[in-house]
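User: Please pick a single part of this structure and look at it closely. Then set that part against the rest, step by step.

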Amino acid sequence: MSVEGATATPTAIEGRLGGEGNKQSDPYRVLSTRLVRELIAADSHAEAAGEEIDVMAARLLDVVAGGLSQPGAALLDAATLRVVAARGFGAEEQALLQSPPPGGDAPLVRRALDERRVFLLARGSREPLLPALREVRSEWSGLVLVPLCDREQCAGVLVLAATETALPAAVLGSLAPAFRLLSLLLHPGRRTAILDGEAAAPAGEAERYVVEIEELRSQLAEARDQCRGIENEELSAQAAQRAESESLRARVAELEASAAAGGSEQGRREELESEIGRRSTEIDEGKHRIAGLEAENRSLHERIESSEGARVDAEERAAQSLSAEEALREVMNQPGLGDVEPEPQATSLLDPEGGDLRLGEIVQAAAAAIGDVDQSSAEDLLDPSDEVVVADPGEPALARVEPLLAIAGGDCPPVGVWHFDSNPGARAWAEELAVQSGSAFWTGDGEPPRAAKSMLLINLFDDSVTRALDLAASDVESLVYAADGESGQGFELGSIGWVPRPLDPAEALQRIQTRVAGRLGGIVIVSAQLRELAGLRQALVDVDAAGSVACDARQATDLLEIVRRPDAVLIDLMLDGGQGLALARQLRTESETSDVPILFLMPEAINAETMRADAERANVLEPYGSTDARRLLNSALAHHC
């Protein structure tokens with residue numbers, strides 16, 4: 001393609017190729033400004049060193065070819081059409097630039113100078129110069145010839161060749177100041193004045209430099225304003241696009257969930273009416289709860305007053321117990337007590353009046369005086385017919401009675417800690433905390449010990465996680481953390497519930513209700529498996545509860561902004577990129593949702609490597625070690641004990 005009728009002056013190039021539209025939004029002016037600055041820097045060295053025209057032209061051509069990223073570039077002298085500098089053109093290609101085409105016509109370079117026209121040649125151009133160059137090197141796909149003329153004098157022709165896409169007209173138009181400056185720097189009169197030792201520039205050239213600099217400043221300011229405007233428009237467009245995208249995602253999720261449940265517009269209205277009724281019920285329950293709390297508050301005040309009276313009574317009983325203990329010691333230390341032989345069924349002691357005094361009667365009297373047990377409990381603990389051996393007459397009798405009084409409640413500990421972690425150090429500190437709290441401890445060998453309540457302490461990064469989750473029944477509390485001993489990285493989720501696959505709606509509902517204190521009103525379900533969730537959502541409807549569905553973590557975050565405080569959140573661990581772990585970690589770290597019950601919908605196969613990979617993708621890893629895991633278990637044991 002050629003641009004016919006374009007004059008050779010840079011100003012004309014800008015006017016013809018750029019146009020008014022280019023001035024309104026021209027991102028190429030920044031390129032022109034940078035190129036002008038680099039040309040001035042290259043020329044300042046040439047003036048100081050007094051280099052020859054070929055050397056200076058080569059330096060300036062390097063700046064132009066590098067700044068415009070053109071693989072081929074050449075500068076030809078205006079008078080002789082000689083190639084004074086070239087980059088990327090071989091000797092045969094340089095000869096083609098200077099030679100006339102077949103048929104005796106003038107070389108295209110001479111036509112550009114004489115006609116003062118800019119030529120843009122593409123592969124389909126009728127000008128023979130580009131086909132001739134392509135015969136030498138087939139990679140050439142475009143050619144640009146720019147006459148470097150200022151007013152009535154021409155300094156030469158700039159030739160730029162491209163291998164992929166040629167420079168567009170808009171770029172050439174924006175480069176007008178750079179081409180004008182290149183014309184001035186290569187001007188023959190200017191070079192003659194410099195080499196003769198005259199002024200640094202011919203007459204009038206300093207004025208043109210001032211005009212050039214002012215124009216560049218104006219263009220630079222315009223470019224900066226345009227860049228800021230473009231950035232603002234782009235930010236606004238991105239924000240609007242994100243908002244529209246999120247709105248569409250939420251709508252799609254809602255429609256998919258409605259289609260999976262077989263809902264219709266009538267069903268939607270019924271759901272909204274049910275939601276309104278549920279909210280009204282919650283308000284009524286809240287009022288009843290407030291009234292109950294007020295009654296409980298009054299009861300607590302009464303209990304505080306009663307406890308104060310009990311404390312006074314306890315102090316009085318303690319004083320009485322001291323006197324009873326002293327009386328018992330006096331009886332035990334009477335003369336002849338150590339010589340008494342124990343009978344097979346009872347131990348007789350001599351009372352001051354010479355009669356027999358049995359130890360069981362002494363215990364009953366002491367217990368009644370202390371006030372800790374009544375007469376019947378004392379008889380149950382130590383019957384007068386039981387065999388009691390007096391080991392030392394000087395030892396107080398209560399030292400042997402108190403262990404018998406402490407037997408109560410059976411031998412079943414209140415809490416059993418089931419810890420699954422192959423690290424011996426982790427098992428050691430977990431067992432230490434369990435023993436200190438009076439809890440049973442089990443690491444999976446044999447049958448678990450008996451306990452009133454059991455809790456699982458699970459390390460998701462340990463190979464035993466599969467077996468631990470097999471034991472995660474609905475009535476067993478799971479304390480979940482993830483700790484990598486080698487890297488010192490991990491995270492903590494705390495109390496977590498588990499819903500196994502394949503999904504059984506009745507069992508899943510039972511596990512959710514186990515985690516929720518009080519009546520189940522509504523939960524948030526985060527899973528992309530909408531068909532799988534249809535049965536569970538219907539089971540929730542059957543118990544007058546609602547199940548709001550989000551397909552990924554982002555939709556869940558938006559949904560929680562609306563629901564605010566759900567009764568529970570069920571998260572699918574099969575979400576892509578570890579989104580399930582990331583969402584659970586977010587809920588645990590935010591104050592508004594830190595105590596919301598969380599349940600994981602488990603994949604059919606789970607292992608430690610999968611958990612570690614998901615955690616890395618979710619970017620939830622942080623410094624976490626045994627001290628943090630000890631704190632988690634210690635807090636749970638303190639709560640239960």
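Analyst: Contact here means heavy atoms within 4.5 Å. This is a predicted model, so local features need pLDDT of at least 70 and side-chain atom pairs count only at pLDDT 80 or more, while totals for chains, interfaces and linings use all residues. Residues are numbered from 1 along each chain as its sequence is written, and side-chain values use heavy atoms, with hydrogens and water left out.

The part to look at is Leu570. Leu570 sits in strand E15, which covers residues 568-572. Strands (E, at least two residues) and helices (H or I, at least four) are DSSP runs, numbered from the N terminus. Is Leu570 buried or exposed? Leu570 is buried, at 2% relative accessibility. Buried means under 20% relative accessible area, exposed over 50%, and partly exposed in between (1.4 Å probe, protein chains only).

Now step along the chain to a pair of helices. Helix H19 spans residues 553-563, and helix H20 spans residues 579-589. Their axes come within 10 Å and cross at roughly 30°. Axes are lines fitted to C-alpha atoms, for helices over the stretch in contact, with angles from 0 to 180 degrees between N-to-C directions. H19 and H20 are therefore roughly parallel. That label applies to angles under 35 degrees; over 145 is roughly antiparallel, 65 to 115 roughly perpendicular, and the rest oblique. Ala553, Ala556, Thr557 and Leu560 form the H19 side of the meeting. Gln579, Leu583, Gln586 and Leu587 form the H20 side. The crossing is right-handed.

Helix H4 (residues 91-98) and helix H6 (residues 129-136) have axes that come within 10 Å and cross at roughly 170°. H4 is thus roughly antiparallel to H6. H4 contributes Glu92, Glu93, Leu96 and Leu97 to the meeting, and H6 contributes Leu129, Ala132, Leu133 and Val136. H4 passes H6 in a right-handed crossing.

Helix H8, residues 176-185, brings burial back. Ten of its ten residues are buried, so H8 is largely enclosed by the rest of the structure. Among them are Phe179, Arg180, Ser183 and Leu184.

Next come the cysteines. A disulfide is a covalent bond between the sulfur atoms of two cysteines. How many disulfides are there? The count is one, under a rule that pairs cysteine sulfur atoms within 2.5 Å. It joins Cys149 to Cys154, with 2.1 Å from S to S. The torsion about this S-S bond is about 100°, so the disulfide is right-handed. Cys149 is buried, at 1% relative accessible area. Cys551 is also buried, at 16%. Cys227 is partly exposed, at 37%.

Finally, the whole protein. It has 22 helices and 17 strands. Of its 641 residues, 41% count as buried. Among contacts between residues at least 6 apart in sequence, 67% join residues at least 24 apart. The accessible surface is about 33800 Å², and 51% of it belongs to carbon and sulfur atoms. That area comes from the Shrake-Rupley method with a 1.4 Å probe; for residues, only the protein chains shown count as cover.

Note on methods: Left-handed = near helix turned anticlockwise from the far one by under 90°.
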